[in-house]
Amino acid sequence: MEPLGATTVFLVICVSCLLFFSAWRKMSGSGKLPPGPVAFPIIGNTLQLNTRNLPQSIHELSAKYGPVFTIYLGSLRVVVLYGQEAVKEALIDQGDEFSGRGKLALADKLAKGTGIIFSNGERWKQLRRFALTTLRNFGMGKKSVEERIQEEAHFLVERLRNTHERPFDPTIPLTHAVSNIICSIVFGDRFDYDDQKFLTLIKLTEDNNELLLYSQWDTCMWSHSSPAKQTPFHFHYTELRIFVLERVKMHKESLDLSCPRDFIDAFLIKMEQEQQNGQSEFNTENLLRSTLDLFLAGTGTSSTTLRHGLLILLKYPDIEEKVHEEIDRVIGRSRSPCMADRSQMPYTDAVIHEIQRFVNLVPMGVPHAVTRDTHFRQYVIPKGTTIFPALQSVLGDSREFPKPEQFNPGHFLDENGAFKKSDFFIPFSAGKRICVGEGLARMEIFLILTMILQNFTLKSPIDPKDIDITPLPSVVVSSPKPFQLCVLPR
Ligand code: HEM
């Protein structure tokens with residue numbers, strides 16, 4: 001018999017590794033995992049996935065493996081839920097089991113399981129409940145959240161007026177306005193748009209957001225986890241902490257227990273009430289992290305949705321005109337839009353829903369994890385496994401939204417022009433982890449968009465036919481392609 005060549009030995013080792021890994025995959029957990037492509041040790045399915053457009057790769061895999069399948073991002077096992085039935089069954093019908101937060105490496109290191117987004121268990125339940133209650137306005141000062149948004153929308157309109165019909169990129173004005181709404185809720189007041197402290201805060205949050213994206217990929221692809229990428233993150237995080245800690249100190253000095261002015265006051269009062277409870281989750285670290293979470297989760301999301309919305313309306317002036325007509329009929333020109341108007345504005349409501357559906361802002365959702373070994377359909381998913389609820393698969397379902405790749409407000413209107421709800425409308429996800437800021441975001445989008453359109457007609461510097469509204473592919477938040485617009489006073 002011929003001696004084995006080096007290549008043969010190498011091949012034998014590779015095949016053995018593959019068989020071993022494949023056996024481990026099947027054995028880990030006491031039952032059968034959902035199916036999926038063959039994964040290689042260490043690199044998992046990385047080579048089989050288009051990491052620049054993971055949502056597209058996931059879509060293609062679902063055609064082969066069905067609505068529940070397993071992939072390996074590096075050595076991280078991920079079960080993907082694809083389609084309305086699978087997402088609903090998991091996040092709603094088996095809500096408790098699927099309510100864990102999946103691991104994001106860098107965020108885990110910095111947040112250390114504090115705050116709302118990255119926490120789990122009892123801590124998460126308590127902090128989440130508190131944030132929801134506070135954002136809903138129970139116990140937060142004299143000014144309602146709606147008034148805070150209206151106030152900011154006025155400042156935004158004035159800023160847009162000052163562009164004097166010249167083309168501009170709306171990214172910064174929208175980011176500043178949305179971020180200022182969170183400032184008003186958290187710190188009690190807004191900042192001037194040129195306030196240096198405010199601009200620093202936004203810069204730090206934006207950089208943090210960008211690095212959070214790396215964080216997600218850190219977990220998945222390890223290619224971005226170089227120390228060089230982590231250093232600025234640590235630096236910005238420390239600066240953000242100092243900024244918020246200063247505000248907390250100022251709040252403590254002027255706190256009136258009977259009259260909370262904002263989120264920080266409400267949290268400080270809760271800390272006071274729970275002083276005797278050694279297990280309390282209401283401490284400075286969780287205050288700090290919850291505050292940062294509201295900034296991180298609440299700025300880029302709403303402002304990017306509004307930016308998509310403006311681009312889409314530039315592309316379809318006929319749709320913009322119908323919204324103008326509805327605004328003129330229901331609100332007129334002499335008072336500000338308010339939330340009570342929305343129920344009388346089915347067309348505008350449908351346009352906003354369609355914007356959120358079409359832009360598919362968080363295509364893969366935010367990673368969940370199962371909190372215990374979980375029987376799901378005919379499978380067993382081991383405790384701690386990361387779950388991707390593919391929101392894109394629900395928002396783009398052609399059974400509910402005929403021609404889902406087209407922008408059509410008719411997706412949310414019945415034959416009489418009344419607003420039509422849909423169970424497939426889940427841009428904020430669903431179940432126990434559903435976005436804490438859903439109510440706030442929906443108010444922001446409605447009030448800011450209607451206020452802009454009450455005051456201006458949008459005009460594109462290029463022919464609307466040439467505008468491409470397709471969102472740029474992304475794992476975390478899908479942005480529109482960069483664009484400019486002019487706003488003409490009405
Ligand atoms: C258009 C705007 C927004 C969209 C599309 C959006 C979407 C989402 C999604 C998909 C999640 C993940 C839910 C899950 O884990 O299943 C989420 C979580 C979250 N969002 Fe939003 N969001 C928006 C605006 C906001 C705003 C304005 C705030 C802040 C006030 C906010 C705060 C949060 C928080 C704190 C979480 C974590 C919830 C938890 O882990 O329990 N979001 N959001």
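User: Where is Cys435 found?
Analyst: Cys435 sits in the loop between helix H15 (391-395) and H16. Helices here are DSSP runs of H or I, at least four residues, numbered from the N terminus. By the way, this is a predicted model, where local features need pLDDT of at least 70, side-chain atom pairs count only at pLDDT 80 or more, and totals for chains, interfaces and linings use all residues. Residues are numbered from 1 along each chain as its sequence is written.

User: What does UniProt place at Cys435?
Analyst: The UniProt record, an unreviewed entry, has the feature "binding site" at Cys435. Such annotations may be inferred rather than shown by experiment.

User: Why is Cys435 called partly exposed?
Analyst: Because Cys435 has 19 other C-beta atoms within 10 Å. With 20 or more a residue is buried, with 12 or fewer exposed, and in between partly exposed, using C-beta atoms placed from the backbone.

User: And which residues does Cys435 touch?
Analyst: Phe428 and Ser429, not counting residues up to four places away in sequence. Contact means C-beta atoms, placed from the backbone, within 7 Å.

User: New topic: at what angle do H13 and H16 cross?
Analyst: Roughly 90°, and the axes of H13 (residues 317-330) and H16 (residues 438-455) come within 10 Å. Axes are lines fitted to C-alpha atoms over the stretch in contact, with angles running from 0 to 180 degrees between N-to-C directions. So H13 is roughly perpendicular to H16, a label for angles of 65 to 115 degrees.

User: Which residues make that contact?
Analyst: From H13, Glu320, Val323, His324 and Ile327; from H16, Thr450, Leu453 and Gln454.

Note on methods: Helix = DSSP H or I, 4+ residues; strand = E, 2+ residues; numbered from the N terminus. Parallel < 35°, antiparallel > 145°, perpendicular 65-115°, else oblique. Contact = placed C-beta atoms within 7 Å.
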